[in-house]
Amino acid sequence: YLDGLKKNTCYLQHLSEGTDDTARGWFLRLQLDDGDWAVNDALCGIHSTALRAEDFQVMAGRGASMVWSPLSNYLLYGATVDIRAARDAGLLMGIGSDWAPSGSKNLLGELKVAWLASREAGGVFGAEELVAMVTIDAARILKWDALLGSIEPGKRADLIAVNGQKGDDYLRLIEARET
């Protein structure tokens, strides 16, 4: 199944969970004594809620990425990551449902929360961008995009059917029910 994929290409790390300086400090520890960073395109920070705009710039500038779990963030910390700062830095982002006690039970549920969080933050992401975070962008983070994440010849595709024929296709997915 993984033929053609690079080995050891993504390091998924719970990073700077929380909203205080202690949580942010775990990211800052990645800065080396010479001022460089132990951050590269293999690093994917899960949550990263304590990070600031300059931290997202460091990550994006070195090709790192982030998995956003907004429901878990809100339930555990009362806030979520600064998605506008992450987007403005050009950080590659995926969406994940975290774990059962504080996350959505599936990606569709998390996608709905991400939509609401984006609206609350002033419309940071459109519906198509959010759907990309659970498809092609997630595959890019894992370095699996040569085989997964989009519907193209030679790729393994997962398809779903969503009711409706009018309106934005991506928003219809976000608003869909599990049935």
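Buried describes a residue with under 20% relative accessible area, exposed one with over 50%, and partly exposed one in between, using a 1.4 Å probe and protein chains only. By this definition, Pro70, Ser72 and Asn73 are buried in helix 3 (residues 70-77). The model is predicted: local features need pLDDT of at least 70, side-chain atom pairs count only at pLDDT 80 or more, and totals for chains, interfaces and linings use all residues. Residues are numbered from 1 along each chain as its sequence is written, and side-chain values use heavy atoms, with hydrogens and water left out. Helices (H or I, at least four residues) and strands (E, at least two) are DSSP runs, numbered from the N terminus.

- In helix 2 (residues 53-61), the buried residues are Asp55, Phe56, Val58 and Met59. These line one face of the helix, because they fall within an arc of 155° when seen down the axis of helix 2; the arc is that of the directions from the helix axis to the C-beta atoms.
- The cover over the buried residues of helix 2 includes strand 1 (11-15), helix 1 (21-28), strand 2 (43-47), strand 3 (65-68) and helix 4 (83-89), where contact means heavy atoms within 4.5 Å.
- Just after helix 2 comes Gly63, with a positive phi of about 80°.
- In helix 3, the buried residues are Pro70, Ser72 and Asn73. They cover an arc of only 160° around the axis, which puts them on the same side of helix 3.
- Strand 2, strand 3 and helix 5 are among the elements that cover the buried residues of helix 3.
- Gly78 follows helix 3 and has a positive phi, near 75°.

**Cysteines**

- The structure holds 0 disulfides, a disulfide being a pair of cysteine sulfur atoms within 2.5 Å.
- The sulfur of Cys10 has its closest cysteine sulfur in Cys44, at 5.0 Å, which is too far for a bond.
- Cys10 is partly exposed at 23% relative accessibility, whereas Cys44 is buried with a relative accessible area of 0%.

- His47 has a phi near 80°, a positive value in a residue other than glycine. His47 is placed in strand 2 and is buried, with a relative accessible area of 0%.
- Lys143 has a positive phi near 65° and is likewise a residue other than glycine. Lys143 sits in the loop between helix 7 and helix 8 and is partly exposed, with a relative accessible area of 22%.

**His14 and its contacts**

- His14 belongs to strand 1 and counts as partly exposed at 41% relative accessibility.
- Leaving aside residues up to four places away in sequence, His14 touches Ile46, His47 and Asp98.
- His14 and Ile46 are 32 residues apart in sequence, yet 4.5 Å apart in space from C-alpha to C-alpha.

**The largest pocket**

- The largest pocket has 34 lining residues, of which Val131, Thr135, Asp158, Ile160 and Leu173 lie nearest its centre. Helix 5 (107-120), helix 6 (127-133), helix 7 (136-142) and helix 8 (169-175) are the elements that give two or more residues to this lining.
- On a 1 Å grid over the protein atoms alone, a cavity is a set of points where a 1.4 Å probe fits but cannot get out, and a pocket is an open set with protein on both sides within 12 Å along at least five of seven lines; lining residues have an atom within 4 Å of a point.
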